[in-house]
Number of protein chains: 2
Amino acid sequence: MKINKNFLKLGENYLFLIISEKVKRFKEKFPKKDIISLGIGDVTLPVCEAAVSAGLKAIEEMASAETFKGYGPNNGYLFLREKICKSYSERGVNISVDEVFISDGSKSDIGNISDIFSNENVCLIPDPTYPVYVDSNIMAGREITYCNAEERNEFLPTPIPEYEKSDLIYICSPNNPTGAAYSHEQLKSWVDFALSRNSVILFDSAYEAFVSNDVPHSIFEIEGARKCAIEFRSFSKTAGFTGMRCAYTIISKELEYDDVKINELWSRRQSTKFNGVPYVIQRAAEATLSAEGKTQIKKNIDYYRKNAEIIMQKLRHAKVKFFGGINSPYIWMKCPESMKSWKFFDFILEDAGVIGIPGSGFGKNGENFFRLACFGNHERTEEAIERLCRSILKKL
Amino acid sequence: MKINKNFLKLGENYLFLIISEKVKRFKEKFPKKDIISLGIGDVTLPVCEAAVSAGLKAIEEMASAETFKGYGPNNGYLFLREKICKSYSERGVNISVDEVFISDGSKSDIGNISDIFSNENVCLIPDPTYPVYVDSNIMAGREITYCNAEERNEFLPTPIPEYEKSDLIYICSPNNPTGAAYSHEQLKSWVDFALSRNSVILFDSAYEAFVSNDVPHSIFEIEGARKCAIEFRSFSKTAGFTGMRCAYTIISKELEYDDVKINELWSRRQSTKFNGVPYVIQRAAEATLSAEGKTQIKKNIDYYRKNAEIIMQKLRHAKVKFFGGINSPYIWMKCPESMKSWKFFDFILEDAGVIGIPGSGFGKNGENFFRLACFGNHERTEEAIERLCRSILKKL
């Protein structure tokens with residue numbers, strides 16, 4: 001038996017391990033120091049009432065033979081897929097129910113989608129990036145080229161002839177980690193590029209609920225995208241479902257390569273290697289798309305947005321440069337005095353008792369940057385960013 | 001962009017489609033005829049009280065900031081992994097918590113495990129078989145050899161020199177579809193074979209709760225298995241969780257190939273392409289392993305077993321040959337007078353109004369056999385099998 005040797009080429013997942021080790025050592029040294037984390041990318045507000053009620057009702061249904069649900073449809077219950085199509089149509093995008101695939105998470109889908117593509121394809125992945133795009137393709141043995149997301153392009157690279165080899169194009173907008181979001185025109189340039197080269201765009205839209213200006217929520221707002229893109233969406237950040245686990249992937253029936261419908265390939269992949277999302281969870285997810293649920297989840301998103309505003313205001317006041325925050329729960333700040341990401345991490349932990357994520361952990365272009373997240377409470381977030389700014393001003 | 005062309009080599013998933021088409025046409029022709037299905041492989045009894053209570057409590061926890069749970073551990077909460085280890089130790093098998101990986105289903109794990117193995121490996125898969133073993137390996141482009149499960153070996157093939165090429169050995173015991181279960185000695189012969197050839201056994205133990213005599217519940221009851229086997233288990237059939245979605249995979253830390261620990265490879269695969277099972281579902285699953293929960297799920301298993309007994313008794317009385325039923329919810333009956341599986345399907349649908357699954361749908365060695373499942377209620381199961389036997393006796 002031979003293992004898949006591509007796994008040996010994976011870099012180690014050290015980023016969060018090193019952070020927790022450093023924090024642990026700091027706490028041992030200064031047990032009384034108050035530490036606030038602006039590092040975590042996980043929600044903290046409870047699941048909304050509408051989803052909780054629907055979940056409770058659904059569990060009760062499982063307790064009675066008359067309403068019990070066994071295996072559900074592999075691609076999700078129609079009641080949920082219909083609600084998702086409706087939410088797209090409200091933004092002028094037509095998606096049919098058989099173009100929606102319900103799953104347990106966008107991470108699963110973005111990783112597993114690799115199965116249906118040839119390993120000979122070349123990937124184009126932004127640097128910095130969410131690590132799953134890279135690691136899932138290293139596992140498959142694919143060649144990876146990077147496109148540079150940098151300060152000079154406001155972390156929003158657009159196609160250039162040098163991206164010649166790019167069969168699988170990964171785009172995350174609004175972006176993790178940089179918080180930058182593509183405009184309609186910028187996304188159009190990617191769609192045109194993909195169409196001209198017979199590439200596929202894998203569009204990660206996990207943070208679309210944070211869009212607050214006129215940038216697209218969906219790649220399908222762009223003409224031509226139905227013929228070159230797959231969209232990944234999640235209830236995780238949108239509805240605080242990180243512990244509930246529900247997401248969905250949209251594959252149009254017009255998407256074809258080698259005369260094969262990608263929608264059918266994915267359906268076959270999922271019916272072979274997946275058995276659907278719990279009925280209880282799908283009912284809870286459905287409730288977040290009801291009128292009542294939408295109001296409740298918007299309230300939570302607004303709460304996190306307020307954190308972003310607090311952070312941005314203080315950073316502006318301290319004259320610290322940053323990206324993101326407007327359409328994203330992440331603020332991508334530039335470390336002062338060209339400080340390296342890890343050096344800034346150590347400095348701000350020691351001086352301010354604040355934790356963030358070193359940008360270099362997301363790729364070489366993340367060097368000199370630092371990711372702050374907006375998922376805490378207002379009071380502690382304000383306290384943290386004030387302490388961070390004070391330390392920076394003292395240093396300068 | 002090139003698709004994974006191996007997908008084009010997959011046979012179509014026609015079996016259940018053809019069955020539902022045939023039943024539909026029959027209903028149109030004879031709208032008043034009473035039809036009973038002994039075909040479905042899905043549970044029908046509601047989720048047990050202990051699991052429902054735990055699920056309700058867990059959803060309530062999600063509704064409050066103090067008890068809310070976001071992302072959980074990729075490989076499952078410790079509370080569930082500990083209970084699983086305890087259930088193994090009660091049968092004399094020592095498994096440590098970091099050898100347990102919680103997932104959303106055994107189908108997912110059995111399919112996804114393919115990722116960590118080289119595509120150059122050759123598979124040994126029984127015929128007849130659960131189709132996922134075959135299809136997931138066709139997708140990966142692996143060579144497949146078959147080992148014959150036939151009447152002459154009571155559908156329990158043991159290693160022979162002809163199985164020379166066999167890096168990945170798939171074993172399902174108690175078996176779907178045949179209901180046959182390997183003895184300790186027979187499984188030992190597979191473990192010895194795998195150890196001698198440096199193969200890995202992928203042991204699907206989804207039906208272990210139906211074991212009623214002294215055959216092994218787990219491959220890890222066999223000496224040496226920790227160095228050559230991976231075990232897949234599920235709450236689906238054990239606890240009626242087909243709509244709840246929870247399973248687990250056991251990979252010992254002693255399992256190594258090419259000097260690489262398979263436990264670590266799988267952990268890396270799951271942390272890259274999976275984000276864990278809903279907290280609510282893990283709490284419900286945990287409750288099925290409590291003293292109260294175990295009593296309740298045993299009551300359900302006993303209910304299904306009683307169906308198996310009813311079916312076996314009637315078949316014996318009608319002098320129909322069959323396998324399975326003792327350690328399995330499936331009875332694998334031989335079609336009378338060497339009738340082909342599909343011919344028998346048509347005959348029994350028309351004459352008795354009973355639905356079963358043609359054995360040939362699971363592989364060539366399934367020809368002349370017919371799968372009956374025990375997941376209905378007593379009264380209807382008895383009615384169905386009586387009608388089926390009456391039709392057979394009439395025919396003979």
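## A walk through two chains

Start by selecting strand S3 (residues 122-127) and strand S5 of chain A: two bridges join them, and they run parallel. Strands pair here if DSSP finds at least two bridges between them, and helices (H or I, at least four residues) and strands (E, at least two) are DSSP runs, numbered from the N terminus. A word before we go on: this is a predicted model, in which local features need pLDDT of at least 70 and side-chain atom pairs count only at pLDDT 80 or more, while totals for chains, interfaces and linings use all residues. Residues are numbered from 1 along each chain as its sequence is written, with chains lettered from A and ligands numbered from 1 in the order in which they are written.

**Stop 1: strand S5 of chain A**

Click on A:Cys123 and look across to A:Leu168 in S5(A), which stands opposite. Now colour residues 168-172, the whole of S5(A): five of its five residues are buried (20 or more other C-beta atoms within 10 Å of the residue's own, with C-beta atoms placed from the backbone; exposed is 12 or fewer, and partly exposed is in between). Show the side chains next. A:Leu168, A:Tyr170 and A:Cys172 point one way, while A:Ile169 and A:Ile171 point the other. In a regular strand, side chains alternate between the two faces of the sheet.

One pair to pick out is A:Ile171 with its bridge partner A:Phe203. Then show helix H6 (residues 184-197) of chain A, which makes a right-handed β-α-β unit with S5(A) and S6(A). Right-handed means that, with the strands pointing away from the viewer, the path from the first strand over the helix to the second runs clockwise.

**Stop 2: strand S12 of chain B**

Move to residues 330-334 of chain B, strand S12, where four of the five residues are buried. Strand S11 (residues 322-324) of chain B runs antiparallel to S12(B), with three bridges between them. The hairpin of S11(B) and S12(B) has five residues between the strands, and B:Gly325 takes a positive phi near 85 degrees there.

**Stop 3: where the chains meet**

Finally, show both chains: 68 residues of chain A are in contact with 68 residues of chain B (C-beta atoms, placed from the backbone, within 7 Å). Elements giving two or more residues to chain A's side include helix H2 (49-62) and helix H8 (262-273) of chain A.

How values were computed:
Contact = placed C-beta atoms within 7 Å.
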